[in-house]
Amino acid sequence: MVDIEQRRIQEPRMADRRLHRHQRGDQFRLTALGGLAALSLDALTSVAYGPESIVLVLITAGSAAVSWTLPVTMMITGLLAVLVLSYRQVIAAHPDGGGAYAVAKTDLGRWPALLAAASLVVDYVLTVAVSLAAGAASLASAFPILNGHLLLVTLVGLGVLTAINLVGVAESAKVLMGPTIVFVAATVAVIVVGLSRSHPVAVIGDEPGPPNITAVVGILLLLRAFAAGCSSLTGVEAIANAVPSFRTPAVKRAQHTELALGALLGALLIGMGLLIDHFHTVPRGNVTVLAQLTAGAFGTGWAFYLANLSVVVVLALAANTSFGGLPVLLSLLAKDHRVPHAFGMRSERPVFRYGVAALAVLAAIVLTIVRADTHRLLPVFAIGVFIGFTLSQAGLVRHWRRLREPGWVWRAGLNGFGAILTAVAGVVLLIEKFHEGAWLLLIIIPALLFLFDRTERYYRGIAKQLRMGRVPPKPESSSPALVLVPVVTISTTTELALEAAMRMGGEVRAVAAAIEPGSTKKLSSQWKIWNPGVPLTVLPCPNRSLIATLVGYVRKMSDEGHHVTVLLVQVDTPRWWQTILHNPRGPFLAAALRTRTDAVVATLTVHLH
């Protein structure tokens with residue numbers, strides 16, 4: 001019993017019990033099912049806007065052209081199968097995460113890696129924006145009174161989601177498990193019940209009127225519909241980007257999750273295509289296509305509202321794939337010195353807090369600019385995804401050619417075929433949607449490339465200047481050490497500062513600036529009475545500035561050959577608001593000394609009770 005009590009005393013208490021859980025092992029990392037909930041919602045919920053994107057393209061050739069929705073969906077499902085198999089190989093080849101960025105960096109070189117990183121950043125930010133905007137549109141389909149408040153709804157959802165992810169991915173996966181199951185069950189029910197109906201139970205939305213026919217059914221129209229519908233494939237790469245978040249064996253669990261995602265998403269897309277063809281669904285005003293299918297299957301009773309609310313909830317939570325993926329990507333970029341190193345730091349939770357915060361801010365800006373309009377975001381969103389898809393698969397082709405393991409030919413062929421398909425879809429969509437916002441990528445992507453390149457060059461210059469990685473000569477110091485203690489008045493803090501300075505070794509001097517002659521004279525007389533064994537040097541101060549006077553004196557001592565250390569006292573208050581009641585000269589003085597002198601600035605913290 002005594003030994004147990006001693007161990008309890010010796011073990012330090014942790015500030016956050018989640019850190020203790022994390023250090024016990026990977027018990028609180030993602031399982032395959034948890035990964036499906038936490039990292040796959042972006043892909044699964046794309047059934048809310050992907051099939052609708054196909055219909056919106058086909059309707060330009062008339063109502064009859066909507067019958068091509070199912071064939072186009074089958075083509076997209078085929079590409080989905082190629083991507084799932086490809087990303088299972090990405091997971092095995094790059095278990096540290098990073099997806100397209102990791103593949104491009106290893107197999108394609110520096111600039112393709114930067115391009116992949118830029119496309120992934122765009123993808124992750126727009127994933128959040130699109131998911132929340134689509135969720136708000138679905139909510140307004142069930143409750144039309146919200147049509148004028150979509151931006152507010154999205155920003156509230158973003159705030160809640162950010163708070164959840166600051167707790168940690170594994171904890172957020174538990175929160176997401178229930179809504180994911182309800183959403184999948186509701187969507188499957190809509191498909192099964194809807195296909196069993198001979199006609200829609202209810203029709204909702206404003207009458208569309210006669211379609212404005214501007215195209216004819218042909219290879220170009222089908223390619224446009226295919227490219228638009230490929231927005232259903234967004235999020236397929238998120239699992240490969242977040243492999244380190246899975247429990248051991250992380251690679252196997254991530255691969256199983258990727259396969260389950262592909263099978264489930266493919267089944268939902270085909271089911272939606274069948275139901276659109278079965279009900280001859282065309283776009284109607286102020287409602288989504290998914291809401292129309294739900295009303296056609298269930299009517300407008302409680303089942304309609306339950307299904308729509310489940311869609312709203314998971315669309316809002318679908319952005320969790322970005323909160324799980326982008327911070328990991330930014331940490332890899334920080335490790336490569338291509339973004340600030342702060343993005344590579346984990347908090348106690350443990351999460352990449354800076355990455356989560358940056359994603360939330362950028363998504364809020366995007367949502368505000370487009371006023372939460374889903375269809376204004378989709379062109380830029382899908383093209384950014386295709387860039388990552390193409391680079392990832394092209395990189396794997398080179399990967400298999402370099403290793404030449406058994407079976408490398410069919411693997412390289414599979415990845416090469418997928419790269420061609422996604423490249424064609426991206427080019428078609430860029431041309432088609434260029435004037436609808438896709439041109440922004442020609443500004444955003446180069447800007448991100450420039451940012452990554454300049455950041456890397458900066459860190460490279462710093463490393464060269466500081467000779468990082470080189471063994472320096474043995475340090476020699478023949479300069480006399482001088483410790484300066486700025487003094488304003490005699491107090492306990494002055495006593496503690498002098499004691500600490502004398503323990504540092506070298507000559508110790510207390511210095512005071514003669515700003516107020518009366519106060520300076522009083523301080524000098526009290527110093528003589530106290531006689532602490534340290535001389536008090538009073539510095540002339542014609543400009544009445546403590547900072548300028550002390551900086552000048554430190555420079556003078558340094559020029560005389562002294563190795564100067566300035567010891568400052570910082571007061572720590574028991575309440576955060578009490579800090580504003582104390583003179584802030586300490587931080588300002590420390591900043592001036594660090595930037596304008598070569599002195600070492602040390603801080604002694606005095607805790608108040």
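Predicted model: local features only at pLDDT ≥ 70, side-chain atom pairs only at ≥ 80, totals over all residues.
**Entry 1**

Having two cysteines in hand, I wondered about disulfides. A disulfide is a covalent bond between the sulfur atoms of two cysteines. How many disulfides does the whole structure hold? My search of the whole structure came back with 0.

**Entry 1: the whole chain**

I stepped back to see the chain as a whole. I counted 24 helices and 5 strands in the protein chain. The C-alpha atoms fill a box of roughly 105 × 65 × 60 Å along the principal axes. The chain has 609 residues, and 49% of them are buried.

**Entry 2: the nonpolar cores**

Which residues touch the most other members of the largest nonpolar core? I found L233 and F452, in a core of 134 residues. Helix α8, which covers residues 110–142, gives the most to this core, with 19 residues.

Leaving out residues up to four places away in sequence, L233 touches I76, L79, L80, L83 and F389.

**Entry 3: helix α22 and what follows**

I picked Q526 and found its place in helix α22, residues 517–530. Is Q526 buried, partly exposed or exposed? Its relative accessible area is 32%, so Q526 is partly exposed, because that class lies between the 20% and 50% cut-offs. I also checked Q526 against I490, which is 36 residues away along the chain. Their C-alpha atoms are separated by 7.8 Å.

Next I moved on to N531, in the loop between α22 and β3 (536–540). N531 is not a glycine, yet I found a positive phi of about 50° there. The relative accessible area of N531 is 59%, so N531 is exposed, as the cut-off for exposed is over 50%.

What is the phi of H337? I read a positive value of about 65°, although H337 is not a glycine. H337 lies in the loop between α16 (320–335) and α17 (353–370). At 38% relative accessibility, H337 counts as partly exposed.

My last stop was a peptide bond. T248 and P249 are joined by a cis peptide bond, with omega at about -5°. Where is P249 found? I placed P249 in the loop between α12 (238–241) and α13 (250–279).

Notes:
Residues numbered from 1 in each chain as written. Heavy atoms only, no water. Helix = DSSP H or I, 4+ residues; strand = E, 2+ residues; numbered from the N terminus. Buried < 20%, exposed > 50% of the residue type's maximum accessible area, 1.4 Å probe, protein only. Disulfide = S-S within 2.5 Å. Core = buried A, V, L, I, M, F, W, Y, C linked by side-chain atoms within 4.5 Å. Contact = heavy atoms within 4.5 Å.
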